[in-house]
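Me: I have a structure open here and would like to go through parts of it with you. Could you keep the answers plain?

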Amino acid sequence: MPATVNRPGRFRPFHELARLWKTSSLRTQLVVMTSGLMLLAVIVTAALTASLFRQELVRQIDDDLHANRNNVSVYLTSLGTDTGYFSSPQSILRFYGELQDNAGTTTTNSSFTGANEDRPVVPSLSAEEVVARNNEAFDVSGTTEASGGWRVVMYRLASGEGSLAIALPLEPVHDSVDRVTSLVVTIGLLATAGASLIAYAVTTRAFKPLLRVERTAAQIAAGDLSRRVEMGAPDTEVGRLSRSLNAMLAHIETAFRSKERSEERMRRFIQDASHELRTPLVTIRGFSELYRHGGISDPDDVGAAMGRIEGEAKRMGQLVEDLLTLARLDEQRPLEHRPVDLMLLAHDAVLDARVNAPDREISLEGLDGGRAGTAPTLGDEGKIRQVVTNLVTNALRYSPPGTPLEIAVGTVDVLPGSVHADGRQVHGSRDSVIEIRDHGPGIDEQDASRVFERFYRADSSRQRETGGTGLGLAIVAAIVAQHDGTVRLEQTPGGGATMSVRMPWVDPSADEDDLPQEGEVPDTETEAADVPEGTSTGALDIPPRPPQPPGSGRPSTSDEPPPPPGRGPA
């Protein structure tokens, strides 16, 4: 069997119509479907009208034949007897009549239509056959080729001596049905054409909101994410579509802007990190090359150079550790939630601060200036301790020597309108608060809004003597946020800056079995040391540390964190 030859040039009408239909607009498809349904309705209406009208006309002919059978019978009988007393009235001139005997032989017929006119071909029926038809009308053909047929009824004569066939032509019926059908079709086509034009205009107007949606989508695709779809009636499909599209566009714009801000922060972060790392690397490389080329030969000079190299290496290590800490915080690793009392951490911070700054008056007090009270919360003690250490070190570094420093601890009612991290409204809750108050120059408003940004320092010169890496307060903000708390910068009355940390208060009498047990969530972060290495507290007048609640003790082993970097203005 020969293989079928594929002829790409062959015209396939159904395929072309399907392709054209798929490429047409929705408006065109709706108008075409509406017009097609109307055409189908016109065709069905015309066919039913023609059929019913023909049946009605035939029924009228049958009634006419039945009503005039006696007159035609009398007339034909008078013709057969040749009495001449009966004259044909005008009312029966349109009928054709024929008398047959009982054997079916024609004896007399009318000549109303003329010799050359069309006449019905009446079948020859015996008396029994006529009785069997039960006086029902039937159609017969005519004697001419152009005949439209005849309607015939055969009756038995009352005398029983024969049968009468009476007939009327069907040509008027066909003509009437054709005229009525033509009229119905013409009116239907005109109505369809008018309705199609109206449907096109109505759909064009109805689709205007969709056209606006299309134009808005094109503008959004061109980059204008602020565009929104014009809202229609809220209860219509277009209104609901517009509302859904606007909500989707708002989410897309928010996500896009957030991505842009994230990318911008990442670029700035990489630039700042590169700048911070470049300076110690240049110093180390410079002294190394100077030593290698013999520029440093005196033992004292070599010792000084090695000291500089070691100092820059430590500073670079501190920066890397801070970056690693922020990276781990950004990963949102699970924290170890244990009972922690902020007053105990504040007490330790006072001890450490008095060691590092013996020329200052450092005190522990309550939020209202009275005696400090307990401030229980849940969290990772090592990380919270790092927050307090960073804030205290920051206050000591950027306030004048000799100025006092207060660490205030206590609990306060949650501010009205506060919400949890998941957006739920807070009702009847309290916060545990720790505040570090210095009495230095403070922070101006321009810098205050950015102090918690990474690598931000108000000192644009980035001096190593007065400024850290600019990551200290960023680490503080990240740790506090992980504990579902907040950190804020406020002005100290009389001058200075106050760093206020708020964390959710917990009932210290709660059953420890209901709290997360130690070891459930491993933590790889290091915590801040109580006292810097190499210092002693034996000769200082320090108040005794309050007893710690069960489970709140410091881990027995921990890595010493790098010195906390400076706060924003540094």
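**Sheet, helices and one threonine**

Me: Which residue in β10 is the bridge partner of Thr411?
Reply: The bridge partner of Thr411 in β10 is Ser432. Please keep in mind that this is a predicted model, where local features need pLDDT of at least 70, side-chain atom pairs count only at pLDDT 80 or more, and totals for chains, interfaces and linings use all residues. Residues are numbered from 1 along each chain as its sequence is written, and side-chain values use heavy atoms, with hydrogens and water left out.

Me: And in what sense do β9 and β10 pair?
Reply: Strand β9 (residues 405-413) pairs with strand β10 (residues 430-438) in the antiparallel sense, over nine bridges; two strands pair if DSSP finds at least two bridges between them. Strands (E, at least two residues) and helices (H or I, at least four) are DSSP runs, numbered from the N terminus.

Me: What is the strand order in the open sheet?
Reply: The order of its five strands is β7-β9-β10-β12-β11, with mixed pairing. The edge strands, β7 (362-366) and β11 (486-491), each pair on one side only.

Me: Switching topic, where does Thr283 lie?
Reply: Thr283 lies in helix α7, which covers residues 237-292.

Me: Why does Thr283 count as buried?
Reply: Thr283 counts as buried because its relative accessibility is 17%, and buried means under 20% relative accessible area, with exposed over 50% and partly exposed in between (1.4 Å probe, protein chains only).

Me: What does Thr283 touch?
Reply: Leaving aside residues up to four places away in sequence, Thr283 touches Arg308 and Glu312, where contact means heavy atoms within 4.5 Å.
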